[in-house]
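Hi,

Here is the structure I said I would pass on. Have a look at it first, and my notes follow below.

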Amino acid sequence: MSGNVQLLSDTLAKAKAENRAALVAYLPAGFPTVDGGIEAAKAVFDGGADIVEVGLPHSDPVLDGPVIQTADDIALKGGVKIADVLRTVREAHVASGRPVLVMTYWNPIDRYGVERFTAELAEAGGAGCILPDLPVQESALWREHAEKHGLGTVFVVAPSSRDERLAEITAAGSGFVYAASLMGVTGTRASVGASAEDLVARTRATTELPVCVGLGVSNAVQAKEVAAFSDGVIVGSAFVKRMLDAPDHAAGLTAVRELAAELAEGVRRAS
């Protein structure tokens, strides 16, 4: 079975044709439970997310802020496995018909086996993988198997990336480019980073791939601001925080559905 990188590309193209940015939501698998995480992914799709990134919880999520670290810890204590991540991808995709990616550090895939992981992710209907810590120069094996199985390979660029490095990264990627516009960990922030627009412009100069921005957006005003200069607005910590702060799971699902609707309205107000 082939993966859904084409669905990912088509979804981003459709948003562009509608003169808006895509809304990309991140939620870790297994949080607060495996079933609860699946329900949360469905809820953000119901609220208006175009794409969902399913996080593969890691014991040392060095690029994620404290909110996502807390959720990862809950998922790992609950015994989440790669099979649960793949099940989350499958059920979220089947329920919505929309693209679902996995965001993961490289070590769990390396241990699991690249061929096995790519084959199973494609079978689950996955659209690809975001690999924040896999260097492009060490990615040939992954990219070979991902391409064979119809999966996108999304690399992360940062403000520190020089222009020649950006060109190297974007040439190796597929699906879209993840622009992490603030150095250090991700997480919600009070205002949009000034470096984001410059990073998007420099990245676009090297590629035809859509450029989606993750920098801690947590409300519609910030989503609108980022949507004005990017192809997609990536939101993670704000969704996770809604789940963490909710008094019970049902309230958490309502909260993330409502946040998705608010953010979806924000990306549609782009100038």
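Let me start with the aromatics: Trp106, Tyr112, Phe117 and Trp142 are joined into a cluster by ring pairs. A pair here means Phe, Tyr or Trp rings (for Trp, the six-membered one) with centres within 6.5 Å; under 30 degrees between planes is stacked, over 60 is edge-to-face and the rest is tilted. Before going on, a word on the basis: this is a predicted model, with local features needing pLDDT of at least 70 and side-chain atom pairs pLDDT 80 or more, while totals for chains, interfaces and linings use all residues. Numbering runs from 1 along each chain as its sequence is written, and side-chain values use heavy atoms, leaving out hydrogens and water.

There are three aromatic pairs in the structure. Trp106 and Trp142 make an edge-to-face one, at 6.2 Å centre to centre and 90° between the planes. Trp106 sits in helix 5 (residues 106-112) and Trp142 in helix 7 (residues 140-148), so this pair ties together parts 36 residues apart in sequence. Helices are DSSP runs of H or I, at least four residues, numbered from the N terminus. Trp106 counts as buried at 18% relative accessibility, and so does Trp142 at 0%; the cut-off for buried is under 20% relative accessible area (1.4 Å probe, protein chains only).

Phe117 and Trp142 form a tilted pair, 6.3 Å centre to centre with 45° between the planes. That one links helix 6 (residues 114-123), which holds Phe117, to Trp142 in helix 7, 25 residues apart. Tyr112 also has Arg116 over its face, 3.8 Å from the ring centre (the criterion is NZ of Lys or CZ of Arg within 6 Å of the centre and within 35 degrees of the ring normal).

Next, the core. The largest nonpolar core has 88 residues, and Val44, Phe117, Trp142, Phe176, Val233 and Phe239 have the most contacts inside it. Helix 12 (residues 249-267) supplies the largest share, seven residues. Such a core is a set of buried Ala, Val, Leu, Ile, Met, Phe, Trp, Tyr and Cys residues joined through side-chain atoms within 4.5 Å. Leaving aside neighbours within four places in sequence, Val44 is in contact (heavy atoms within 4.5 Å) with Ala25, Leu27, Ala49, Val52, Phe239, Val256 and Ala260.

That's what I have so far. Cheers!

Key. Buried < 20%, exposed > 50% of the residue type's maximum accessible area, 1.4 Å probe, protein only. Helix = DSSP H or I, 4+ residues; strand = E, 2+ residues; numbered from the N terminus.
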